Amino acid sequence: MRSGRRWRRHAPPWWPEGESWPPRHAGRHWRRRRARFLRGVGLFLSAVWALGAIGAVTIMSHIARRAGGPWMAGGAPPLLVALVVACATAAFLVVLRRIGSPVGDLVGAAHQIAEGDFTARVPEHGPPAVRVVAAAFNDMAERLARQERQRRELMADIAHELRTPLSIVQGKIEGLIDGVYPRDAGQLEPLLDETRLLGRLVDDLRTLANAESGVLTLEREPTDIEMLMRDAASAVGDEAAARQISVTVDAAEVPPVNVDPVRMRQVLVNLLANALRHGGAGTAVTAEGRIRGGALVVRVTDTGSGIPADELPRVFDRFYKGARSSGSGLGLTIARSLVRAHGGDIRAESQPGAGTTITFTVPGVG
């Protein structure tokens, strides 16, 4: 079945509940559009065929007249006209079949995409140029479908992350009102911590949205990278002490680099915090900065348990958390977005039981 020419039997996942599928009169409407398009193509090709046939007959008749009278008298021109018309008609039908049908499929599938059905695909057949267009259309439809899935998953993940602290706050407040819990600092401080968690989550989502939409403004200035890295290490110092993990910074040879210090500090804090979560008592975290090939290269390494091979490709995905992760699942995603906003890139390397190294590069240094 050609997906661009017939309706699917079941509604797509995004279709509102309670509404009929397919939409009322929509199938007939799309078929009318496709038929109208094919009629237009047919009329255009018919005109081209007619002009081509007239031109061919005129040329052949002129050649026949110059060839001499006996050939004209033998009735060759009428036969020649019939032959030319037959060849032109056959060529017209071949062209109409090879071009009209694939293009019609594209038109039908394009209308499905316009209506929000990103499952529409077209068979890649016809002339080479039409096959290239069909392949590009299918690639576009796949990207749109993937983005739609990511949008739905993002909304579900946001709702899930917000639900837990909100449920805790609501339950505690109800307990305080009903007298189940005493109204003292011991009960109010956990509520304050949950509201801070909500605030950090909202700030993270806003930063991520701005970075991924390209509207994040970077305030670049010459920055002492060693001081910035030590400041980031100090920000996670309490957590490192609580987990009995040592944090070492090595960036003494790095000259001032033109970056946004606030955003770059956020990247470093997120990477260090992620390294601490994967470490255990007695392990170590090292942040190393170097200049290589005119670019700033920063490596954050931990000697913890490492990341399983099946989880490693997804560590930068939004809200992705491993089995042992206790964060929101946004730290590494934000780090990647901020590094890319600086024109750089970031990657992760890990071996289970041997630790993890996350390296990011910012080009254009010096």
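This is a predicted model: local features need pLDDT of at least 70, side-chain atom pairs count only at pLDDT 80 or more; totals for chains, interfaces and linings use all residues.
1. Val249 stands opposite Ala287 in β4, and the bridge partner of Ala287 in β5 is Val300. Residues are numbered from 1 along each chain as its sequence is written, and side-chain values use heavy atoms, with hydrogens and water left out.

2. Helices (H or I, at least four residues) and strands (E, at least two) are DSSP runs, numbered from the N terminus.

3. Within this sheet, β2 and β4 run parallel and are joined by five bridges, whereas β4 (residues 284-292) and β5 (residues 295-302) pair in the antiparallel sense over eight bridges. Arg290 stands opposite Val297 in β5. The strands β4 and β5 form a hairpin with two residues between them, and Gly293 in the turn has a positive phi of about 60 degrees. In a regular strand the side chains alternate between the two faces of the sheet.

4. Axes are lines fitted to C-alpha atoms, for helices over the stretch in contact, and angles run from 0 to 180 degrees between N-to-C directions; contact means heavy atoms within 4.5 Å.

5. The axes of helix α8 (residues 261-277) and helix α9 (residues 331-341) come within 9 Å and cross at roughly 145 degrees, and the crossing is left-handed, a term used if the near helix is turned anticlockwise from the far one by less than a right angle, with right-handed used if clockwise. Residues of α8 in the contact are Arg263, Gln266, Val267, Asn270, Leu271 and Asn274, and those of α9 are Gly331, Leu332, Ile334, Ala335, Leu338 and Val339. By class they divide into seven nonpolar, four polar and one charged, where Ala, Val, Leu, Ile, Met, Phe, Trp, Tyr, Cys and Pro count as nonpolar, Asp, Glu, Lys and Arg as charged, and the others, Gly among them, as polar.

6. Helix α9 also meets helix α5 (residues 185-213): their axes come within 9 Å and cross at roughly 35 degrees, and this crossing is left-handed. The contact is made by Asp204, Thr207, Leu208, Ala211 and Glu212 of α5 and by Thr333, Ile334, Ser337 and Leu338 of α9, a set with four nonpolar, three polar and two charged residues.

7. Why is α9 described as largely enclosed by the rest of the structure? Eight of its 11 residues are buried, where buried means under 20% relative accessible area, exposed over 50%, and partly exposed in between (1.4 Å probe, protein chains only). The buried residues are Leu332, Thr333, Ile334, Ala335, Arg336, Ser337, Leu338 and Val339, and they pack against α5, α8, β6 and β7. Just after α9, Gly343 takes a positive phi of about 85 degrees.

8. Gln244, in the loop between α7 (237-243) and β2 (246-250), has a positive phi of about 60 degrees although it is not a glycine, and at 57% relative accessibility it counts as exposed. Thr283, in the loop between α8 and β4, is buried, with a relative accessible area of 15%. Not counting residues up to four places away in sequence, Thr283 touches Gln244, Ile245, Ser246, Thr303 and Gly304.

9. For the protein as a whole, there are nine helices and seven strands, and buried residues make up 37% of the 366 residues. Of the contacts with a separation of 6 or more, 68% are accounted for by residues 24 or more positions apart.

Conventions. Two strands pair if DSSP finds at least two bridges between them.
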